[in-house]
Amino acid sequence: MRLHVADHPLVAHKLSVLRNKDTSSPTFRKLVDELVTLLAYEATRDVRTEPVEVVTPVATTTGVKIAEPLPLVVPILRAGLGMLDGMTRLMPTAEVGFLGMQRDEETLEAITYANRLPEDLTGRQCFLVDPMLATGGTLVAAIDYLFARGARDVTAVCLLAAPEGLEVVEKAVGDRGDVTVVVAAVDERLDENAYIIPGLGDAGDRLYGVV
Ligand code: URA
């Protein structure tokens, strides 16, 4: 597993506002969207392209376009939905799948309650989006889901990660595939309820309210 921390003053600024408990839900949503655009720029650095001929007003040259099979962006419901627009704004030709996962608050295990993904992901670059990499359980389950359909190239885009979760993902992935995690920051630790400390609270609730 490769870890990429997007070390940039704009990322740090936006993240600080997100962390503030007094930031309202509309502002939180807008900032997540802006932050994801910056993270998406880092996360798509290795997206596959193929050459295309481009006719400019004065000459013909060779440019590139995103290669097929097209990349697949997979938000993990519910909180990952808040990161989808930021990803597709930067990569509009990507296709979008969905994975509904939630953690059982007693066992902290990830449960899959919905999925809409292509059956065959062989050769696809997949971009999982989920704001909080806490215990790593959900992300590992999601990566396993994609691997089971043939994907071997997965980039997870998260706002925050806990060191404990990163270790879990690293161990679970091993050498089974090529996994990159792109985050705005790695925080200190998890608390006894598996919340990231200092973190930003419950990302889903802050995006969408307590429903
Ligand atoms: N999920 C969240 O939304 N926040 C955390 O701190 C941990 C998991």
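## A walk through a predicted protein model

The protein has six helices and 13 strands. Helices (H or I, at least four residues) and strands (E, at least two) are DSSP runs, numbered from the N terminus. This is a predicted model, in which local features need pLDDT of at least 70 and side-chain atom pairs count only at pLDDT 80 or more, while totals for chains, interfaces and linings use all residues. Residues are numbered from 1 along each chain as its sequence is written.

Let us begin with the overall size. Along the principal axes, the C-alpha atoms of the protein fill a box of roughly 60 × 35 × 30 Å. For 211 residues, a compact globule would have a radius of gyration near 17 Å, and the 17 Å of the protein agrees with that. This radius is taken over C-alpha atoms, and the globule rule is 2.2 Å times the number of residues to the power 0.38.

Next come two helix pairs. Axes are lines fitted to C-alpha atoms, for helices over the stretch in contact, and angles run from 0 to 180 degrees between N-to-C directions.

| Helix pair | Axes | Angle |
|---|---|---|
| Helix 1 (residues 9–19) and helix 2 (residues 25–43) | 10 Å apart | about 155 degrees |
| Helix 4 (residues 137–148) and helix 5 (residues 163–173) | come within 9 Å | roughly 25 degrees |

The angle between helix 4 and helix 5 makes them roughly parallel, a label for angles under 35 degrees, while those over 145 count as roughly antiparallel, 65 to 115 as roughly perpendicular and the rest as oblique. Helix 4 and helix 5 have a right-handed crossing. A crossing is right-handed if the near helix is turned clockwise from the far one by less than a right angle, and left-handed if anticlockwise. Leu139, Val140 and Ile143 of helix 4 meet Val168, Val169, Ala172 and Val173 of helix 5; residues are in contact if their C-beta atoms, placed from the backbone, lie within 7 Å. This contact has seven nonpolar, no polar and no charged residues. Here Ala, Val, Leu, Ile, Met, Phe, Trp, Tyr, Cys and Pro count as nonpolar, Asp, Glu, Lys and Arg as charged, and the others, Gly among them, as polar.

Helix 1 passes helix 2 in a left-handed crossing. Among the residues in their contact are Lys14 of helix 1 and Glu34 of helix 2. By class, there are 10 nonpolar, no polar and two charged residues.

Now for the ligand. Around it are Met132, Ala134, Tyr195, Ile196, Gly199, Asp202, Ala203 and Gly204, each with its C-beta atom, placed from the backbone, within 6 Å. This shell has five nonpolar, two polar and one charged residues.

Finally, look at the backbone. Alanine 194 is not a glycine, yet has a positive phi of about 65 degrees.

Terms used:
Two residues are in contact if their C-beta atoms, placed from the backbone, lie within 7 Å.
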